[in-house]
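The sequence and structure come first.

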There are 2 protein chains.
Amino acid sequence: MSGPFIAVDWGTTNRRAYLIEQGEVVATERDDMGILSVPAGCFPAAVADLRARHGGLPMLLAGMVGSNRGWHDAGYVAAPAGIAQVAARLVSPEDGVAIVPGVCRDSDGRQDVMRGEEVQLLGAVAAGLAPADALLCQPGTHAKWAAMKDGALADFSTAMTGEMFAMLKAHSLIGAEMTGEVDADDEFVRGVEASGDNDLLAALFGVRAASVLGKRAPGAAAAYVSGLLLGTDCRARIGAGQTVHLLADGLLARLYSAAIATVGGEAVVVDSHASFVAGITRIWDMKA
Amino acid sequence: MSGPFIAVDWGTTNRRAYLIEQGEVVATERDDMGILSVPAGCFPAAVADLRARHGGLPMLLAGMVGSNRGWHDAGYVAAPAGIAQVAARLVSPEDGVAIVPGVCRDSDGRQDVMRGEEVQLLGAVAAGLAPADALLCQPGTHAKWAAMKDGALADFSTAMTGEMFAMLKAHSLIGAEMTGEVDADDEFVRGVEASGDNDLLAALFGVRAASVLGKRAPGAAAAYVSGLLLGTDCRARIGAGQTVHLLADGLLARLYSAAIATVGGEAVVVDSHASFVAGITRIWDMKA
């Protein structure tokens, strides 16, 4: 096992750093200094600050910090990709600092990319939190669904599920009805069930029609629309009896668990932070 | 046949008036005084102006002017509805002026509404521009698909197709790629074909991935996304060999004709203005 290092999950809006010694997290910090909060040219200083706070140890960064909108473009490794393939392609923008590449897929005319999620996905399997052959889901703004085979990331797809919800709420005809709290309640499940009609564009207009005709309680539309979208997302990827390992907690874990169960699958919730730590540690150990 | 009258197709953003004598249009005007341009309380004056310009004839209004956001809520007639059912439920906010009600459907847990489109749909069949038993489509921001039976509007659904395109272009992650012109070209057809994967949420994210991986020419994404959305819309409603009578012209007629053909159907373009005139004239003739 290699020496201690600082692992950073550096996303678009947030950043979480872990001081890892012998595979164990001995310190952690989280802030809102995502890549959008770092002015152009200021990444070296931001990295130096972080290193100084943690004994000047070497660093391994993952996430959008390695995109062309971040500090340094770390490129993509093509799926199928295991920890060894990812570790072999680390990019080092300066001495003592490396960035994990993203993963892409491009075949059968379908393109997809991820950046940061690969560490959690590979780590979940490496740590035994999910089987070596499994369907993993990391829900969010862009929900990642990964088919793992022999412990490697064999293939994946990304659904614009969370972004679609936010966009409908902020900018659509039905946004004005989407005022209530979202949780995995009856109205959410009704939305998941309605997604079985396989007609999302009409179901969304139906939210307006239900309101006009007084058929849905004010405030209930947000949960229904969430159910419609998560149901549409899940139905495109899972069938009856399918087990999904879900890298999520809190509300997202509740919502996706309910949606997966409603369409006939079964969700197993996996600790996404433990998965990240397991993944980044193994990449660190295996690096050249 | 009843006497001359002024027919107005009064929508959200535009308004078109027809002076109709013995079933023929003898004058027409179009402006951008949709209901959103008429200040609260000013509808009587706007109507009086229009009447004065056309000899003070009686008026029959259709469209969003009869919604709760317009002048006077004209309610909804439940589908199935023919011209007689619609004509029997005209609402008169003042002497010499009547408003056509909308049409709603509410069964099997699915609600839908239309307001204004019913005049075109019923008129197309009444004028012989479409058969008495047919599937009609009026594409747009909210695309209306109507099943006509024995000349009546038997059932319908509304897809948020045009609104979704506009929202994605203005507000989504992929909006920045959607810069090119949309037409029924190869990239549009590729989008219609891709909609056959029945996974719209992932196909939309794929637009971003294709751009990141350099797999789509800059400017080509708008046509592709349009194809994805129209293909999704059409596949939810038509199968191979289905004929669709399309109340559209120009670009929308080209796009929907291509999408319908790509999914195995056949489009017949119908004159939507002639359909409106035929529908509103028959409603006028049949009114109490």
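The model is predicted.

Strand pairing

- β2(A) and strand β3 (residues 24-31) of chain A run antiparallel and are joined by seven bridges.
- Across this pairing, A:E21 stands opposite A:E24 in β3(A).
- On the other pairing of β2, strand β1 (residues 5-10) of chain A and strand β2 (residues 15-21) of chain A are antiparallel over six bridges.
- A:I6 has A:L19 in β2(A) as its bridge partner.

Domains of chain A

- Chain A is divided into domain 1 (5-129 + 272-286) and domain 2 (161-270).
- The C-alpha centres of domain 1 and domain 2 of chain A are 31 Å apart.
- Five residues of domain 1 of chain A are in contact with five residues of domain 2 of chain A.
- On the domain 1 side of this contact, the elements giving two or more residues are α3 (117-126) and α9 (272-286) of chain A.
- The residues on that side of domain 1 divide into two nonpolar, three polar and no charged.

Contact between chains A and B

- Chain A gives 34 residues to the contact, and chain B gives 34 residues.
- On the side of chain A that touches chain B, at least two residues each come from β8 (102-107), β9 (110-114), β12 (152-159), α4 (161-171), α6 (200-212) and α7 (221-235) of chain A.
- The largest share of that side is the nine residues from α6(A).
- By residue class, the side of chain A that touches chain B has 17 nonpolar, ten polar and seven charged residues.

- B:L255 belongs to helix α8 (residues 250-262) of chain B.
- Is B:L255 buried or exposed? B:L255 is buried, because 22 other C-beta atoms lie within 10 Å and the cut-off for buried is 20 or more.
- Leaving out residues up to four places away in sequence, B:L255 touches B:A184, B:F188, B:S226 and B:L230.
- For B:S226, the separation from B:L255 is 29 residues in sequence and 8.5 Å in space, C-alpha to C-alpha.

Definitions and conventions:
Residues are numbered from 1 along each chain as its sequence is written. Chains are lettered from A and ligands numbered from 1 in the order in which they are written. This is a predicted model: local features need pLDDT of at least 70, side-chain atom pairs count only at pLDDT 80 or more; totals for chains, interfaces and linings use all residues. Two residues are in contact if their C-beta atoms, placed from the backbone, lie within 7 Å. Helices (H or I, at least four residues) and strands (E, at least two) are DSSP runs, numbered from the N terminus. Ala, Val, Leu, Ile, Met, Phe, Trp, Tyr, Cys and Pro count as nonpolar, Asp, Glu, Lys and Arg as charged, and the others, Gly among them, as polar. Two strands pair if DSSP finds at least two bridges between them. Domain bounds come from an automatic or database domain assignment. A residue is buried if 20 or more other C-beta atoms lie within 10 Å of its own, exposed if 12 or fewer, and partly exposed in between; C-beta atoms are placed from the backbone.
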